[in-house]
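Let's take a friendly walk through the metal and ligand sites of this model. Please have the structure open as you read.

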Amino acid sequence: MPDDFERMWGDLAPVGLSRASGGYFRQPFTSPERELSAWFVEQCETRGLRVETDSYGNVVAWWDVPAATGPGVLTGSHLDSVLDGGAYDGPLGVVSALAAVDLLRSRGFVPARPIGVSVFVEEEGSRFGLACLGSRLAVGSTSWSDARSLRDRDGVALGDVVEGGSSSLLSSVGTFVELHVEQGRDLVDRGAAVGVASEIWPHGRYRFEFTGAANHAGTTRMEDRADPMLTYAFTALGANKQARLAGQRATFGRVSVEPNGTNAVPSRVTAWLDARCSSDSGLRDLVAAISGQATERAGRDGTSLAVTAESVSASVSFDPALAAAVAADHGVGDWPIIATQAGHDAGVLSAAGIPTAMLFVRNPTGVSHSPLEHAEIADCLVGVSALADTLERLTR
Ligand code: GLV
Ligand code: MN
Ligand code: MN
């Protein structure tokens, strides 16, 4: 089993790797991500799993056993990355799912319910802007008519890269389990290799468009400017302060400046706010406070502001009984049950009424969405065993 995990991990290592940064660029429907998806299908076929795909590019592969009946237990994650992401966010859950099936078979285990392994496309929303796009389309919480016109940074529409329409991929799924690298240091602090998720914080992405007036950087007196960069800069500082005061999270990680010249006051700055809070009302309040401050500042700068919510994910509480059952009694005591501020397809399936659990694997750096994201092989193998145990408990 260790060989299987490390061999598969080795297969993925070069795909989409930037030699310059050591990070990964695996944006949905680009060649590295398509290579990973094809690799996944091949791995499923090699194992004799029955592969199903939908019109959005999501994949589910079933371990068919004659004795296995009733709703299935699905496990998996995603293969796309953020821009310059780490190796583990997503692929760890996919490789662990395949390795867990191998481990169950090597144990001679015969499931009484079907077990499936899955990959959802565009989990990160790094290309089309909507987080967990593939799983949202698969459960129907986002409609194809809304999604098809989403555009990437080059203006390519989702409808131009996938056929789209409908999905029945999850119709026989009774339970979903996603294993994921932890994206903070909670498990490090607790001294545990594996943990179980209790909840996902509500979070959202909001496009702030600051419009001003382009003008000469030398001849325009400072008091005569309508500079959207100033309004943006004030807004970024204000968002950081508001989030700190409220004990929440606010990040401007993406900015686009027009015309982006050195010797001109810009005409427009577009910046994307990622905000996360411990409650839905807290998220609404935080975004309203940041937008309010920005609008007030725009009035003073002679600029204008339009705010558009591009992707909003409500809070998710995972099924507590399922979490407790997954966490219970692993020889070393129970796994800790912890909250996360990161979004996951598991949250989308849970919100759609599918009983869902998540397993986290310790990340010694505590860093994620960065090349520094890490998990030790020994912990990954504990994760595979924990996932196999979970699947066994759920399908016995
Ligand atoms: C996905 O990892 C997110 O939380 O943005
Ligand atoms: Mn992820
Ligand atoms: Mn991620």
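Aspartate 89 counts as buried, at 5% relative accessibility, and histidine 180 is buried too, with a relative accessible area of 0%. Here, buried means under 20% relative accessible area, with a 1.4 Å probe and protein chains only.

Both residues hold a metal: the manganese ion (ligand 2) is coordinated by His78 (NE2), Asp89 (OD) and His180 (NE2), at 2.0 to 2.2 Å. Donors are N, O and S atoms within 2.8 Å of the metal (3.2 Å for Na, K and Ca), and water is not among the atoms, so sites may look incomplete. Along the chain, the donor residues follow the spacing H-x10-D-x90-H. Aspartate 89 also coordinates the manganese ion (ligand 3), which lies 3.7 Å from the manganese ion (ligand 2).

This is a predicted model: local features need pLDDT of at least 70, side-chain atom pairs count only at pLDDT 80 or more, and totals for chains, interfaces and linings use all residues. Residues are numbered from 1 along each chain as written, chains are lettered from A and ligands numbered from 1 in the order written, and side-chain values use heavy atoms, leaving out hydrogens and water.

Now to ligand 1. Its surroundings are Glu124, Arg205, Arg276, Ala342, Gly343 and His369, where a neighbour has a heavy atom within 4 Å. The table lists polar contacts, meaning pairs of N or O atoms within 3.5 Å.

| Residue | Part in contact | Distance to an oxygen atom of ligand 1 |
|---|---|---|
| Glutamate 124 | side chain | 3.2 Å |
| Arginine 276 | side chain | 2.7 Å |
| Glycine 343 | backbone | 2.7 Å |

Notes
Buried < 20%, exposed > 50% of the residue type's maximum accessible area, 1.4 Å probe, protein only. Polar contact = N/O pair within 3.5 Å; in protein donor to acceptor, adjacent residues only side chain to side chain.
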